[in-house]
Amino acid sequence: MAGMETIQYNLPQSRIPQAWYNIVADLPKPMAPVLHPGTMKPIGPDDLAPLFPLALILQEVSTEREIEIPGEVRQIYAQWRPSPLYRARRLEQALDTPAHIYYKYEGVSPAGSHKPNTAVAQAYYNKKEGTKRLSTETGAGQWGSSLAMACAFFGMECKVYMVRVSYDQKPYRRALMEAYGATVAASPSNETEIGRAILQEHPGTSGSLGIAISEAVEVAAKDPNTKYALGSVLNHVLLHQTVIGQEAIEQMAMADDEPDVILGCTGGGSNFAGLVMPYLGRKIKGQCNARVVAVEPAACPSLTKGRFTYDFGDTGHLTPLVKMHTLGSTFVPPGIHAGGLRYHGMAPLVSHVMDLGLIEATTVQQLDAFAAGIQFARAEGIIPAPEANHAIAGAIAEALQAKQEGKPRTILFSLSGHGHFDMQSYADYQAGKLQNYDYPEEEIAMALAGLPTVG
Ligand SMILES: *Cc1c(COP(=O)(O)O)cnc(C)c1O
């Protein structure tokens with residue numbers, strides 16, 4: 001069909017990256033060390049050994065630029081990778097903007113998001129080192145279903161603590177995890193010490209990722225056959241996601257375009273990091289001058305309103321202390337539908353590049369996020385995950401600004417997942433039942449007042 005404009009940039013299977021990209025090798029300033037919560041001294045591999053297999057601990061502290069992706073992992077990636085890059089031509093038309101809008105779509109994975117990129121890798125290394133069972137938390141259920149699927153591939157058991165509000169809002173995500181063979185409990189649960197303590201103090205709590213992490217860590221720490229898997233935040237998780245950005249760089253070259261601005265939504269920071277770290281590596285070397293923007297929910301604004309300091313990764317204070325942008329580990333975010341963004345902290349690596357001035361951050365309200373998602377769905381056909389709607393809202397704002405200035409602008413964003421299991425939230429939005437949440441200033445002030453003191 002002569003004259004048809006390209007909207008999809010596909011790479012062959014042979015272009016699945018051979019290695020994950022570790023930006024730590026290229027950072028102008030090293031990251032702050034991870035501290036032991038008891039001694040406040042930097043932790044060593046032994047401290048993490050009860051929770052993670054050695055291969056992942058070594059990746060967590062690695063300063064190697066490239067870490068080879070095992071053949072078995074690449075083989076599984078090949079089911080959905082390389083993921084497509086689209087030019088959003090109909091959205092551009094609807095916005096009547098001179099901007100070029102591109103999105104890298106991770107919803108093509110079997111579980112529906114970017115999360116299998118790390119779930120498969122984590123399950124692989126655990127299996128290799130003899131782990132029988134993995135325990136984890138999940139917010140909206142995307143991570144739980146990804147890990148459940150990966151455990152099914154490698155013949156391991158999977159135990160998921162699902163944040164109470166999502167457990168109630170998203171029953172089909174739970175059904176999906178169970179279909180893959182996982183066991184799911186609403187968090188806080190009666191199964192753990194920390195869960196029982198929190199239930200006693202706050203019987204009606206909607207739960208949070210910080211609480212669910214405590215439960216999953218407690219279970220792994222107590223059982224020698226169980227290890228823990230985290231779906232975001234940690235260096236090795238962000239590392240596994242860098243296949244996204246490496247592919248996007250090749251696909252943008254196919255499109256003969258260079259991004260002026262790159263955006264992603266940020267919960268713990270993994271889909272954002274996956275897309276942007278390979279670009280930031282170039283930015284550090286002066287080969288890319290794109291603005292890089294993290295988009296977070298106004299109800300849980302860790303990068304824009306949090307403090308860059310040492311804090312616990314979980315509410316029960318079982319994890320090591322990491323330096324990150326945090327709202328305080330006891331902060332329980334409002335029950336927004338973007339459950340994957342309800343985390344009190346931010347990945348230390350994302351926090352660090354923010355501190356270095358390599359990225360910026362902005363916030364979006366819940367209703368604006370859904371309005372953007374609906375506009376996107378009507379133009380592009382894909383129903384985005386509520387989390388991804390934040391990135392879309394950020395991208396649309398950029399496109400409208402370009403229109404106002406009457407200047408071209410090339411926008412690239414991460415469409416981290418589809419929303420097929422989140423239709424209740426769309427129904428509620430269309431029925432006018434959703435609301436915005438003001439920045440919960442008082443609660444955050446209280447949670448920040450309880451930050452640990454580090455000498
Ligand atoms: C989990 C999730 C997120 C948030 O997690 P990050 O680690 O910040 O990427 C965003 N989008 C989708 C679709 C998710 O499943």
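Student: Which residue stands opposite Tyr102 in S15?
Tutor: This is a predicted model, in which local features need pLDDT of at least 70 and side-chain atom pairs count only at pLDDT 80 or more, while totals for chains, interfaces and linings use all residues. Residues are numbered from 1 along each chain as its sequence is written, and side-chain values use heavy atoms, with hydrogens and water left out. Helices (H or I, at least four residues) and strands (E, at least two) are DSSP runs, numbered from the N terminus. In strand S15, the residue opposite Tyr102 is Leu412.

Student: Over how many bridges do strand S5 and strand S15 pair?
Tutor: Two strands pair if DSSP finds at least two bridges between them. Residues 100-105 of S5 and residues 410-415 of S15 run in the parallel sense, and their bridges number 6.

Student: Which are the edge strands of the open sheet of 7 strands?
Tutor: Follow the order, S1-S4-S5-S15-S10-S11-S14, in which the pairing is mixed. The edge strands each pair on one side only, and they are S1 (8-9) and S14 (360-364).

Student: What angle does the direction of helix H13 make with that of S10?
Tutor: H13 (residues 270-284) packs on this sheet, touching S10 (261-265), S11 (291-297) and S15. Axes are lines fitted to C-alpha atoms, for helices over the stretch in contact (heavy atoms within 4.5 Å).

Student: Is Ala88 buried or exposed?
Tutor: Ala88 lies in the loop between strand S4 (85-87) and helix H4 (89-95). Beyond neighbours within four places in sequence, Ala88 contacts Ile101, Tyr103 and Glu380. Buried means under 20% relative accessible area, exposed over 50%, partly exposed in between (1.4 Å probe, protein chains only). Because its relative accessibility is 0%, Ala88 counts as buried.

Student: Which helices do the buried residues of H18 pack against?
Tutor: In H18 (residues 423-430), the buried residues are Ser425, Tyr426 and Asp428. They cover an arc of only 160 degrees around the axis (taken from the directions from the helix axis to the C-beta atoms), which puts them on the same side of H18. Their packing partners are H16 (366-380) and H17 (386-405).

Student: How far apart are the axes of H9 and H10?
Tutor: H9 (residues 193-201) and H10 (residues 209-222) pack at an angle of about 145 degrees. Residues that meet include Ile194 and Ile198 in H9, and Ile211 and Lys222 in H10. The axes of the two helices are separated by 8 Å.

Definitions and conventions: Axes are lines fitted to C-alpha atoms, for helices over the stretch in contact, and angles run from 0 to 180 degrees between N-to-C directions.
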